[in-house]
Structures are given as structure tokens and as C-alpha cells.
Amino acid sequence: MNTHKTPLPVDLPDADALCVELAELIRPCLQPETVLVGIHSGGVWVAQRLHALLALPSELGLIDVSFYRDDYGARGLHAKVRPSSIPFDVEGRRLILVDDVLYTGRTTRAAINELFDYGRPERIQLAVLADRGNRQLPICADFCPWRIDLAPSFELVLSAADSGRLQWSVDEHA
Amino acid sequence: MRNPQLSANGELTHLLSIEGLPREVLTQILDTASSFLKVSHRDVKKVPLLRGKSVFNVFFENSTRTRTTFEIAAKRLSADVINLDVTRSSTAKGETLLDTVDNLVAMHADMFVVRHASSGAPHLIADHLRRLGRDDVHVVNAGDGRHAHPTQGLLDMYTIRHYKHEFSNLVVAIVGDILHSRVARSDIHALTTLGAAEVRAVGPQTLLPTAIGKMGVRVCHDLASGIRDCDVVIMLRLQNERMNGALLPSAREYFRCYGLTPAVLALARPNAIVMHPGPMNRGVEIDSDVADGPQAVILPQVTFGIAVRMAVMGILAGN
């Protein structure tokens, strides 16, 4: 697939500043037993930021949804599957699932399915850095600091620089 | 000529042998296996990846451990598993190998896990499927004759990587009946592809293939010099039936010369690991004090084998 960078009609916001905004949206809803679960890979970066900003005592959960994706039959197994790590008991816990971009909702669906194979959580909420619209499933974010309508030909990508700084970019599929 | 295991765009469609597979493919399988190993530690040890797929275990030769671990792996991927003891049914009635395959394809098989006493049988099936235009049906070699046992080779590599982290500085000794061993061949191909510093083939002259040196290994007929300063010792099973021929005088004689005892193992590096593909013959190729000792990783090999087979099936069925 050919991709090239293209300027957007709007300026892309500062991703690190969005993390701070997202943390402030979550803060009032935190319970002592709330834990964060980041979805590989962008969601893990965001979850790590939130974990530090909110000074959460519990360990962070990391999840790779490759084994639960609904497009496995068409696209096969991702070449770089990372181990999921849920270092706490999911049973009865309040979880906040963290991803970088909410788009079709399919990744969220896969992540929820995987979490239920670890136990029955009391509640799962969804925190995302950006909601770009075009949902294909009845899923919405509980916490989201930035909403933007992007046509399906655009891909909104979060990347982490060596310095750890997060940055948005947009690819256009030809 | 294209590697018959790879599709036109380099994706793994069958696993027939480790020979000729690129390092990236081996590494992808090992990396994916470590994710599946985590799944095996959960309460719900299943993922939905192969839901609705039918995996046929077609064993033309006896095997309990390999067939069982393939069955567990397929079930943990949510596949439907059908075990066929073909030696007692169709083949005994005179059906040819490819007729058996055609019948199973007509039953909508998605994957064949094949063990056969004849080298090349899984390759023959893969070739047949290609001629039928059925690239969506995958073949995994679960051991063919003296040729290859690629999933055993991969689980051995997973075990070595787990304990030693990387291959570049490792000295690995493979000890015993290399002549009849498909495991040894798969291990040698995997170790050389992954860049092990030195691979030694250790055994009596009668149990080493004459051209073994051409596989890039150092040949040692003396156990002590073969084990000295190595990081990994892979012991092979001495098959009892070899005792009857002219290859070996007796089991006791073999143990005296090539049995791995604590005294011999002391010649290896202090943190060396001892592996064995099973089933073990205690007191023939390995002393019980070694098999049950702190350096043995023989049972972890079995656990890792399930994760590795899940990775192989998960990657194949998606390609």
C-alpha cells in the first residue's frame, strides 16, 4: 500500500498535552482499586503516561489483541505479537482500558474479549487519546480529550520518539 | 527454486523442515510462542484464533507425546481436532497416502499434522495440495523418517533461548544416535540458522552419518571432549532396536562410553543445561542423577513445546 504524509485541514494537537488532559478526565472517577490496561502498542505508551500522571500504586496491565482479532482470517497473525501481561486478578476489578485511537471499535471488542478470559471484571471503561469517528460497533469512549472526523482513507498514527515524546501524524492511503 | 514451505510472498504456508527457512521466520515463531506461553498460564487457556478450523492429526507412526502436545495446542487455539490412527484403519486396508489425504480434504480439513516413517511424506502431501490448488490447507511435519522433526527443533531452540537468551556465543553438543535422528537434523539446521557459535555432533562412528561434517558441525567421537566447555547438551534417545544390529555392542557398553553422568556433565560450563526430546532411557544415554538434576530442562521442553506448536499452527492457518 502506498502511503504519503499529507497536511490536515486542522493542526494536530500536542500528544503529551492530550495525555495530561486525559489524566484529568480520569482522575475524578478513580477508585482505590482501579487499574489501567494499555493495548499494544500506542495504548501502552498512553497508559504508561497516565499511570505516572495519576501516580497509581497498582501495576499496569498490557494487552496484545492479536489472538482475538476478527480479521485473522483475512490478514493472518501479526508478525510482531507481544505477550499480554495482566499482573493482577481481573475478577471483580475496575479496569480502564487505554488505547491511542478509537476508530472502528474492533480492537476494543477484541481487548474486552481477551480480558474476560482472565476473569470477570466489575467494570471496564475506555480511555482514548483520540476518537476519529467511523465506528463499526456500538462502542464509545468514557474518557476522550480529542475528537476529530477523519475519512477512512486517512490513518491517524501515534508514535514515540527516542526521547519518549509522543507525536501524532496522519498517513493517507492512495 | 522456491522453498516449498513458503508462498510466493515469503509467508510460511507449511512447516516441513527447518532447512532453508530464513532466520526471521524462525524468530517470528519463537517470539509468537512466548505470547502463547502466557496464555497457558491463565485460568482460561484458550484463544479463539482457530475457531471453526479442523486440524487432523494423521499419524502413520506411533507417538504419544508429540500427538498429544499437537492436540493440546490445537485445542488451546479453539480448533476442532480429529485424531486418526491411520495405520490401523485406511492404510491397513490398502488405501494410498494421497487417497487418505483426498478423503480428509473432502471432510473440509484445514490443517494436517503428519507423522510418517518415510522421509518426505509430508512434503508429498504439501505438493499434492498445491497441485489441487488448495493453498488454504496447511501441512505440519510432526516427524518424517530420519529427515526432520521441525517443531521439536523449534521447541529446542525456544528452550535454549529461554535459558541462554541468545545463540551467538553458545557451544551446543548433540550426543548419541545422530544417524537415525530427525531431531538432530532439525536442531543442527536451526542452530546454524540462528547463529550458534559451535555445534558438536558427539557419538560413536557407527551412529554418526558419514557426511555430517558438511552440515557445519564439529564431529567428536569422544564424549568428554564433546561435552567440555559446552553451554547446552542435547541428549538423543538410543532406540532399543539399534542394539540388535551391528551398530552397538550393548546398552551397558554404550552407557559406559556415551552415557551422560554427573562426572561427565561437570566438564561442561557450570551453568550448562541438559535437554532430551524424550522418551528417555535412563541408564542407557542418561544417568538418573542428571535427568533429575538441577541442570536438566527436559520437562520445561515439554511445556514450551505446546506454545511453539500453537505458534506454528497460528501462523500457518493465518497465511
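In what order do the four strands of the open sheet of chain B stand, and is their pairing parallel or antiparallel?

Tutor: The model is predicted, so local features need pLDDT of at least 70 and side-chain atom pairs 80 or more, while totals for chains, interfaces and linings use all residues. Residues are numbered from 1 along each chain, chains are lettered from A and ligands numbered from 1 as written, and side-chain values use heavy atoms, without hydrogens and water.

The order is β2-β1-β3-β4 (chain B), and the pairing is parallel. Strands here are DSSP runs of E with at least two residues, and helices are runs of H or I with at least four, numbered from the N terminus. Two strands pair if DSSP finds at least two bridges between them. The edges of the sheet are β2 (80-84) and β4 (138-144) of chain B; each has a single partner strand, so one side of each lacks a neighbour in the sheet. On average, neighbouring strands are turned by 15 degrees against each other, direction ignored.

One pair shows the detail. Strand β1 (residues 54-59) of chain B runs parallel to β2(B), and five bridges join the two. In this pair Phe56(B) is opposite Ile82(B) of β2(B).

Helix α11(B) packs on the sheet, where it touches β1, β3 (111-116) and β4 of chain B. Its direction makes about 145 degrees with that of β4(B); contact means heavy atoms within 4.5 Å. Angles are taken between N-to-C directions, from 0 to 180 degrees, with axes fitted to C-alpha atoms, for helices over the stretch in contact.

The helix α11 (residues 298-318) of chain B also packs against helix α1 (residues 23-39) of chain B, at about 115 degrees and with the axes 8 Å apart. On the α1(B) side the contact includes Gln28(B), Ile29(B) and Phe36(B), and on the α11(B) side it includes Thr303(B), Phe304(B) and Ile315(B). Its residues divide into 11 nonpolar, three polar and no charged. Ala, Val, Leu, Ile, Met, Phe, Trp, Tyr, Cys and Pro count as nonpolar, Asp, Glu, Lys and Arg as charged, the others, with Gly, as polar.

Chain A can be set beside this. An open sheet of four strands there has the order β3-β2-β4-β5 (chain A), with parallel pairing. Inside it, strand β2 (residues 35-39) and strand β4 (residues 94-102) of chain A pair in the parallel sense over four bridges, with Val35(A) opposite Leu95(A) in β4(A).

Arg94(A) belongs to strand β4 of chain A. The C-alpha atoms of Arg94(A) and Thr34(A) are 5.0 Å apart, though 60 residues separate the two along the chain.

Two helices lie across the chain A sheet. Helix α2 (residues 42-53) of chain A lies across β2, β3, β4 and β5 of chain A, at about 155 degrees to β2(A). These helices, α1(A) and α2(A), pack at about 60 degrees with their axes 9 Å apart. Among the residues that meet are Cys19(A) and Leu22(A) in α1(A), with Val46(A) and Leu50(A) in α2(A). That contact of α1(A) with α2(A) has eight nonpolar, no polar and two charged residues.
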